[in-house]
Amino acid sequence: MASLALPSSREEAWRWSDLSALPALAEARPSGAIPAPDVLWIGDGPRLLFVDGVYDPSRSNPGPVEIGPADARAARHPLGRLAGTRGWRLRIGAEHMPSGTIEIVHLGSGGASHLAAEIEIGEDAQASIVESFAGAGWANRATGITLARSGRLMLMRRILGAAGGFTSLADTAEIGTGASLIATTLAAGAGDSRIDAHLTLAGEEAFAEAGGALLARGQQRHDAALVLRHAEPHGQSRQVWRAVADDQATASVAARVEVARDAQKTDAEQSLRGVLLQRTATINAKPELEIFADDVKCAHGCAVGELDRGALFYLNSRGIPPAPARALLTRAFVADALARIGEEAVREVFVADADNWLSNSPFVSSEVETRPSTSLGTNGRD
Amino acid sequence: MLQITNLHAEVDGKPILKGLDLAIGAGEVHAIMGPNGAGKSTLAYTLGGRPGYEVTEGSVTFTTPFVPSEVEGRAASDAQRVSTSLDTNGVGEALQTTGGEVAVDLLALAPHERAAAGLFLGFQYPVEIPGVSNVQFLREALNAQRAVRGEPPLSGGDFLKRARAQADALGLAPDMLKRPVNVGFSGGEKKRNEMVQMGIIDPRLAILDETDSGLDIDALRHVGHGINSIMRRPDKAVLLITHYQRLLDYVKPDFVHVLAGGRIVRSGGPELALELEREGYVGVAA
């Protein structure tokens, strides 16, 4: 990775990101020590384990997911294009629905790992995917998504990487007529992240929801940059983001809604809210609307503040000490963004991840399993 | 149980309480009445420890069996263990856990420690907390208090039983326990919810700030009944802060005080409330 060309923070879309750790991570070698994946699995459906970007078939049950070439359609994204053309692919034929949520766990042991993914949901088909990111290093992922007429996809990401690490996700989605994409991302680890999504509502009555919660403390930085483009009439989109920043951390959300000239009767809603747990922390929220149609409804709300003092005193007066009272209010603040996860078991896990972060014990590799790095990749890197 | 001596307090640098004296004994119900701006709510918040309510002079001593272990070191210097004689009249259940009472400097305690010591503050305007269910909030509150007192946490089942019984007694629909704290509650429901909380927490001393405001007659009766059944016991006490006499029809006070200009200007029996109702604050407090 000698020619690692990264965007500069002088570029508007990257002004809140700090990519300065990436060149060193790109040069570093994985140590082979990864967190034990067992605690990360949620259900009994198909599951795939990638260690440092390499598929581990011995601990996977891929179901409908294929390992191989994947078109993530990220050629023009400065990080996404680095993800390359190999990874995993999910194609669900018309009117099909895999049994159970597909779980993909990405573990890192240091260094950089790049992986592409391609998801195609056929007409009236449906899938639900949870991706969990944990461990050390830089996990760089690009995902291309296509939803045919009335296709439905739930895509849930939990970023639990260790301190000093980086998780970058670049999604590109095309959402067909009457199709629905609900993407929820939770950053509740100790590392940094950059989340990009470019979602196009390409058919009439398409529905897109992109939201999540970014939790940052210490020197952490999370940065989400989203573009939801309404290209056809009667589309609906929702963006609900909650950011929490403590210490000297920075959490940023830039969310743009574009409404093309033909996209009449668009109904778009944005809610970007942040809570500063200390005044030394930073939250950036940038809602943007670019509307070329004349008969649309675009609501946006944006607020950054501190926890409500009246509510804190109310909890204290009932006997709840200051730290748990703050955690309770912060949990409630974040809950909105996680409420859209339809499956209860998955939602509970995401809420528990957020709780762990709030109680200052984010997922870290407490149980480390060490495997010689030479054993990795013999089967996986196809 | 509560001894307030020469209490001075200010908000934003503005003196509100100016030398307030009040003594509340176990088994007593006191009512504080007074015109708007007399300092009634300031008294409640100051006793509860709300940030921004600064005590500049005076002392408040709270005698309680629930002395949090971490607080014991900070008990008032003249604190004395008071041997309890309450076992003899059959209400010593709570007291037996420590076997004695301690006079603590209330003002030295953080708000959550005051709660754990047995103080309950009923809010005039209960706060809405979206995203936190009543049940979750109260269980956390109760168990936090129990932890400070060295008692084991209550299990989910036991807690729910206790919560449902209280909701029933106060005419609050049981499904409101599952709803976010006070969100979408009417004024009356919020006040009933305060009483449900009081019943679950089972404090030693309740300071109820305008608990009757915003209540219709039915709700007033429920709330009055709640205060009587939860707090009318020889080992407990109540300080009712109210603007009007009507709550006192349901909760008969033993003592009535008139607060004006930041001090208690007159004290008397229940007849004083009737006199106030008849003649107004101007006549009585003059």
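## A helix checked against its expected span

The expected span of a helix is 1.5 Å times one less than its number of residues, where a helix is a DSSP run of H or I with at least four residues, a strand is a run of E with at least two, and both are numbered from the N terminus. For the 17 residues of α3(A), this rule gives 24 Å, and the end C-alpha atoms of the helix are 24 Å apart, which agrees.

Several residues of α3(A) are buried, among them Ala325(A), Leu328(A), Leu329(A), Phe333(A) and Leu338(A); a residue is called buried if 20 or more other C-beta atoms, placed from the backbone, lie within 10 Å of its own, exposed if 12 or fewer do, and partly exposed in between.

## The model and its confidence

This is a predicted model, in which local features need pLDDT of at least 70 and side-chain atom pairs count only at pLDDT 80 or more, while totals for chains, interfaces and linings use all residues. Residues are numbered from 1 along each chain as its sequence is written, and chains are lettered from A and ligands numbered from 1 in the order in which they are written.

The pLDDT is the predictor's confidence in each residue, from 0 to 100. Chain A averages a pLDDT of 91, with 93% of the residues scoring at least 70, although over residues 364-382 of chain A the value is below 50. The mean for chain B is 84, and 88% of its residues reach 70 or more, but over residues 75-98 of chain B the pLDDT is again below 50. For the complex, the predictor gives an ipTM of 0.88 and a pTM of 0.82.

## Where the chains touch

In this complex, 17 residues of chain A are in contact with 20 residues of chain B, where two residues are in contact if their C-beta atoms, placed from the backbone, lie within 7 Å. On the side of chain A that touches chain B, α2 (309-317) and α3 (322-338) each supply at least two residues, and α2(A) gives the most, with 7 residues. The residues of this side divide into 10 nonpolar, 4 polar and 3 charged, with Ala, Val, Leu, Ile, Met, Phe, Trp, Tyr, Cys and Pro counted as nonpolar, Asp, Glu, Lys and Arg as charged, and the others, Gly among them, as polar.

## Inside chain B

Chain B has 9 helices and 13 strands, and buried residues make up 45% of its 286 residues. Among its contacts between residues at least 6 apart in sequence, 74% join residues at least 24 apart.

Helix α1 (residues 40-48) of chain B is largely enclosed by the rest of the structure, because 9 of its 9 residues are buried. After α1(B) comes Gly49(B), whose phi is positive, near 90°.

Ala273(B) lies in helix α9 (residues 271-285) of chain B and is buried, with 25 other C-beta atoms within 10 Å. Leaving aside neighbours within four places in sequence, Ala273(B) is in contact with Ala31(B), Met33(B), Gln245(B), Leu248(B), Pro253(B) and Val256(B). The C-alpha atoms of Ala273(B) and Met33(B) are separated by 7.9 Å, while the two residues are 240 residues apart along the chain.
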